[in-house]
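Here are a few notes to read alongside the model. Have the sequence and the 3D view open as you go through them.

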Amino acid sequence: MIHPMSKSIPAMTALAFGATCLVAAAARADDADRTLLSTFCDAANIKGSACTRAKGYPNGGNRGCDVKLSADRYRGRFIAAGNPLLVVNYESGCEAHATDNGGAAVFEQSDGKTIFRGFAPGSQANDCVIVKSERQDWLVCLTGHMGQGLLEGGVAQMALTQDYSKDIGISSDFLLTAENSTGAYGANVVTCKERSKYFEVSDIKPGPRPQTVSVKASYADAATIKKACAKGFPRPKQIFGKLTPGEAYVPDGYAKRGTFTIDLVTRKVTPQ
């Protein structure tokens, strides 16, 4: 007879092995973060994935700005004829809501070495895809910022540029913009002079053709805007504030939804 305990030994061994792998993976992640942090932080100020006093933080002065690296990071040749770069999101107590409480740090990888190339406050790279091309890689991301009940978002290419001192900055080159005004008005709002308007974008992926991306979106086309301005939709159940002349509500459930392709070269946005 086989003792019941003997049947559980393989399972216990598997669990122990899995736990060991998780610990090892966590240790490797900590080592990787320490390597990155050590490029701008003294060893005594490194705690896990955070630096309590980052050197040369923009407009940091003598405040001793903290920087905590997040798991969002993207690697590619984002500058033509340049070395591979690593873009890592971070949080910082020195940043305000206007800069989304953080930004992105850029590192150059050359001959097995990691070189810090700069902080870009407010330029978090969230929900991104890397699009390959012969000359360079494109980093294209979904963006979003809430202010006074308006959720402003879109699709932006994160343009990385290097100055004479070899520092690298990031700017957002918007390919598509969206605005969800439900938090401010109780429903999305359009202007009757608009031909179309995007409310939300999501699910960014490499597109069906080279140098394109695809996104899902909720939007109002010309027909939807015309109907909204003719008061052809029911009044939203709960509204806030007051619209200005020439504006109209598109209540929840009346926006259209679809998938769109964005060409990174021509900047054209077309439905799939």
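1. Let's start with Arg-117, which counts as buried because its relative accessibility is 13%. Keep in mind that this is a predicted model. Glu-108 is buried too, at 11% relative accessibility. The side chains of Arg-117 and Glu-108 meet in a salt bridge, with N and O 2.7 Å apart.

2. How many salt bridges does a search of the whole structure find? It turns up nine. One of them joins Arg-267 and Asp-173, at 2.9 Å from N to O. Arg-267 sits in the loop between strand 15 and strand 16, while Asp-173 belongs to strand 10, so this pair ties together parts that are 94 residues apart in sequence. Arg-267 is partly exposed, with a relative accessible area of 37%, and Asp-173 is partly exposed at 27%.

3. Lys-216 and Asp-203 also form a salt bridge, their closest N and O atoms being 3.6 Å apart.

4. Now have a look at helix 3, residues 222-229, where Thr-224, Ile-225 and Ala-228 are buried. Viewed down the helix axis, the buried residues fall within an arc of 95°, so they line one face. Turned away from that buried side are the exposed residues Ala-223 and Lys-226. Among the elements covering the buried residues of helix 3 are strands 11, 12, 13, 14 and 15. After the helix comes Lys-231, which has a positive phi near 60°.

5. Lys-231 shows up again in the second largest pocket, where it is among the residues nearest the centre, along with Ala-228, Arg-235, Ala-248 and Tyr-249. This pocket has a volume of about 250 Å³. Strand 14 gives the largest share of its lining, three residues. By class, the lining has nine nonpolar, one polar and three charged residues.

6. The largest pocket holds about 580 Å³ of space. Its lining takes in 29 residues, and those nearest the centre are Asp-100, Leu-142, Thr-143, Gly-144 and His-145. Which strand supplies the largest share of this lining? That would be strand 9, with five residues. In the lining, 14 residues are polar, nine nonpolar and six charged.

Technical notes. Residues numbered from 1 in each chain as written. Predicted model: local features only at pLDDT ≥ 70, side-chain atom pairs only at ≥ 80, totals over all residues. Heavy atoms only, no water. Buried < 20%, exposed > 50% of the residue type's maximum accessible area, 1.4 Å probe, protein only. Helix = DSSP H or I, 4+ residues; strand = E, 2+ residues; numbered from the N terminus. Arc of directions from axis to C-beta. Contact = heavy atoms within 4.5 Å. 1 Å grid on protein atoms, 1.4 Å probe; cavity = no way out; pocket = protein on both sides within 12 Å on 5 of 7 lines; lining within 4 Å. Points joined across faces, edges and corners; volume = space filled by probe spheres on them. Nonpolar A, V, L, I, M, F, W, Y, C, P; charged D, E, K, R; others polar. Salt bridge = Lys/Arg side-chain N within 4 Å of Asp/Glu carboxyl O.
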